[in-house]
Amino acid sequence: MSYHVSSIGELGDGYGFRKIRAALGVTAFGVNALVFPPQYTGPEHYHDHQDELYFVHRGTATFAVDGNEHEVGEGGLVHVESTTPRRVSNKTDEDLVIFVVGGKGGYVDRDGQLTGPEELERRQGLSPKEASA
């Protein structure tokens with residue numbers, strides 16, 4: 001199958017990892033979700049090779065990096081290079097859900113292709129409109 005559809009809720013219950021990569025057949029990069037309980041202090045860690053991009057889906061995460069703490073709310077993004085130690089924690093009284101993408105080897109240049117000429121208008125519909133004079 002060339003695609004899979006799921007949700008974080010379908011991938012497990014309770015706190016901890018949701019293994020998205022394996023469940024959806026992703027092979028080009030690492031991807032997981034994490035569900036933290038209230039008042040959870042995560043382990044400080046780093047990676048030998050892969051950078052990580054964190055997306056806060058629900059709640060507020062506290063990222064400790066380079067001696068600084070950053071509170072990041074829903075919709076927030078944090079990128080940490082592989083060998084930089086980091087700690088992600090939940091200092092609130094609510095659950096925290098974060099989405100983590102890991103990868104190495106660099107950016108793959110823009111390689112998206114439209115499937116037909118009628119798709120151009122749809123893509124352009126997402127672009128900011130020029131202000132009328």
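View 1. On the accessibility scale used throughout, buried means under 20% relative accessible area, exposed means over 50%, and partly exposed lies in between (1.4 Å probe, protein chains only). The model is predicted, and local features need pLDDT of at least 70 while side-chain atom pairs count only at pLDDT 80 or more, although totals for chains, interfaces and linings use all residues. Residues are numbered from 1 along each chain as its sequence is written, and side-chain values use heavy atoms, with hydrogens and water left out. Helix α2 covers residues 119-124; helices (H or I, at least four residues) and strands (E, at least two) are DSSP runs numbered from the N terminus. Within this view, the side chain of Glu 119 makes a polar contact of 3.0 Å with the side chain of Arg 122. Such a contact is a pair of N or O atoms within 3.5 Å, where within protein one must be able to donate a hydrogen and the other to accept it, and residues adjacent in sequence count only if both atoms are side-chain atoms. Glu 119 and Glu 10 are separated by 109 residues in sequence and by 32 Å in space, C-alpha to C-alpha.

**View 2. Glu 52 of strand β4 has side-chain polar contacts with Tyr 54 and with Arg 86.** Glu 52 counts as buried because its relative accessibility is 8%. The contact between the side chains of Glu 52 and Tyr 54 is 2.4 Å, and the contact that joins the side chains of Glu 52 and Arg 86 is 2.6 Å. Tyr 54 also takes part in an aromatic pair with Phe 63, shown in the next view.

**View 3. The structure holds two aromatic pairs.** Rings of Phe, Tyr and Trp (its six-membered ring) pair if their centres lie within 6.5 Å, with planes under 30 degrees apart counted as stacked, over 60 as edge-to-face and the rest as tilted. Phe 36 and Tyr 40 form a tilted pair, 4.8 Å from centre to centre and with 55° between the planes. In this pair Phe 36 counts as buried, at 8% relative accessibility, whereas Tyr 40 is partly exposed, with a relative accessible area of 31%. The ring centres of Tyr 54 and Phe 63 are 5.1 Å apart and their planes stand at 70°, so this pair is edge-to-face. Both Tyr 54 and Phe 63 are buried.

**View 4. The largest pocket holds about 460 Å³ of space.** Its lining is made up of 27 residues, and Phe 17, Asn 32, Leu 34, Glu 52 and Val 100 are those that lie nearest the centre of the pocket. On a 1 Å grid over the protein atoms alone, a pocket is an open set of points with protein on both sides within 12 Å along at least five of seven lines, and lining residues have an atom within 4 Å of a point. At least two lining residues come from each of β1 (16-18), α1 (20-24), β2, β4 (51-58) and β9 (96-103), and β2 gives the most, with six residues. The lining has 16 nonpolar, eight polar and three charged residues, where Ala, Val, Leu, Ile, Met, Phe, Trp, Tyr, Cys and Pro count as nonpolar, Asp, Glu, Lys and Arg as charged, and the others, Gly among them, as polar.

**View 5. The second largest pocket has a volume of about 360 Å³.** It is lined by 14 residues, of which Phe 29, Gly 102, Gly 103, Lys 104 and Gly 106 lie nearest its centre. The elements that supply two or more residues to this lining are β4 and β9. By class, the lining of the second largest pocket has six nonpolar, five polar and three charged residues. Gly 103 and Ala 28 are 75 residues apart in sequence, yet 8.1 Å apart in space, C-alpha to C-alpha. Ala 28 belongs to the loop between α1 and β2 and is exposed, with a relative accessible area of 71%.

**View 6. Gln 39 and Asp 66 have positive phi values although neither is a glycine.** Gln 39, with a phi of about 60°, is found in the loop between β2 (30-36) and β3 (40-41). The residue Gln 39 is partly exposed, with a relative accessible area of 48%. Asp 66, with a phi near 55°, is found in the loop between β5 (61-65) and β6 (68-72). At 62% relative accessibility, Asp 66 counts as exposed.

Technical notes. 1 Å grid on protein atoms, 1.4 Å probe; cavity = no way out; pocket = protein on both sides within 12 Å on 5 of 7 lines; lining within 4 Å. Points joined across faces, edges and corners; volume = space filled by probe spheres on them.
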